Amino acid sequence: MKENAPTADLVRCLVRGRRRAQVVAAILRLGIPDALGEGTVRLADLAAALGVGAARLRRPLRAARAVGLVEEGPRGCFRNTPASSLLRAGIPGSLRDEACHMLSAWTRIAWEGLEHSVRTGGNGFVHATGRSVFEFLREHPDESAVFHAFQAEVARRNLPALLAARCLPTEGTVVDVGGSGGALLTAMLEAAPDLSGTLFDLPEVIAGASGASWPGLGGRLRLVAGDFFREVPPGADAYVLSHILHDWPDDRAARILGRVAAAMAPASAVLVIENVRGAAGSSLPLAYLDVQMLAAWEGRERTLDEYRGLLDRAGLALADARLVDERGGLTVLTAALQTSN
């Protein structure tokens, strides 16, 4: 059969994608983007700064140059490209946290378990490791730090669209259920001086958040440790679940919502923030995320009707569904306790 060059190139690009990702991972873990900074650095000086041999370092640098991550100048000098500059820490628009998250050990294990998940319906990550993702993160603090750093980055990215949609609470009390390090909640409090909030997550997450400093929030923020499968802090005016339910299969997602419903006052609202499938059409990032949920947690990205069904199972009625970012289907679902007719 005669080879169709464009099709063959596409297939080769797809199957070699893992190699490209591993080049990015090596560049990140060696610390090359930060070591290069904004200047031009001789290979020998770069190797000395990183504590590696120059001859060995040249080889991944050669691969990085081929994929557009570094440039090589005369006399063996290297500098960042615009792409590798985005992998530096602490610069505006940095993609470092996202890259570290996507290339982390737990995501690799989960994706390698995808076939098992599809064939058996079981959890590919648990099949490979004997433990859940969250148990794995608990045992690997470095991986946990990467995970929570990216959750904070996602919250920061989503915040402008969420604020512009005017669907977040601006007064009263709010509980951020499973709020990780508090990036979303603290941003909400900073934007709304009449709002007070509770960050609610597992004890080890709250222990990590307790060392953070949030100037200007005064007594409007409190930290509470617990397990949302058992109970959540009662009596708040609003409960926010941001990218929580997609981690879990339907029965466990409904159980989380049931615990929230049990904690709500008659006039309380629950805000579910998720990337809703269907709103984004054939979005590739959302398709990737849906597959990762399958392999890592047995969770899923859901349609609006599927979220409506989950809410109904928990005794909640969907009152509003607001698409705030069409690119990824980011949607805020607002629900209240069901009322008997």
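**Layout and parts**

Mentor: The protein chain is split into domain 1 (4-93) and domain 2 (158-337). Keep in mind that this is a predicted model.

Trainee: What distance separates the centres of domain 1 and domain 2?
Mentor: Taken over C-alpha atoms, the centres are 37 Å apart.

Trainee: What is the strand order in the open sheet of 3 strands?
Mentor: The order is E1-E3-E2, and the pairing is antiparallel. Strand E1 (40-42) and strand E2 (70-72) are the edge strands, each pairing on one side only. On average, neighbouring strands in this sheet are turned by 30° against each other, direction ignored.

Trainee: How many bridges join E1 and E3?
Mentor: E1 pairs with strand E3 (residues 77-80) over 3 bridges. Arg 42 stands opposite Cys 77 in E3.

Trainee: And which strands does helix H4 touch?
Mentor: Helix H4 (residues 43-50) packs on the sheet and touches E1 and E3, with its direction at about 85° to that of E1. Helix H5 (residues 54-66) lies across E2 and E3 and runs at about 110° to E2.

Trainee: Switching to H15, which residues are buried there?
Mentor: Among them are Ile 256, Leu 257 and Val 260. The buried residues of H15 pack against several elements, including strand E4 (171-177), strand E8 (269-275) and helix H17 (304-313). Helix H15 (residues 250-263) has 14 residues and reaches 20 Å from its first C-alpha to its last.

Trainee: How many disulfides does a search of the whole structure find?
Mentor: The search finds 0.

Terms used. Residues numbered from 1 in each chain as written. Predicted model: local features only at pLDDT ≥ 70, side-chain atom pairs only at ≥ 80, totals over all residues. Heavy atoms only, no water. Helix = DSSP H or I, 4+ residues; strand = E, 2+ residues; numbered from the N terminus. Expected span 1.5 Å × (residues − 1). Buried < 20%, exposed > 50% of the residue type's maximum accessible area, 1.4 Å probe, protein only. Contact = heavy atoms within 4.5 Å. Disulfide = S-S within 2.5 Å. Domains from an automatic or database assignment. Pairing = 2+ DSSP bridges. Axes fitted to C-alpha atoms, helices over the stretch in contact; angles between N-to-C directions.
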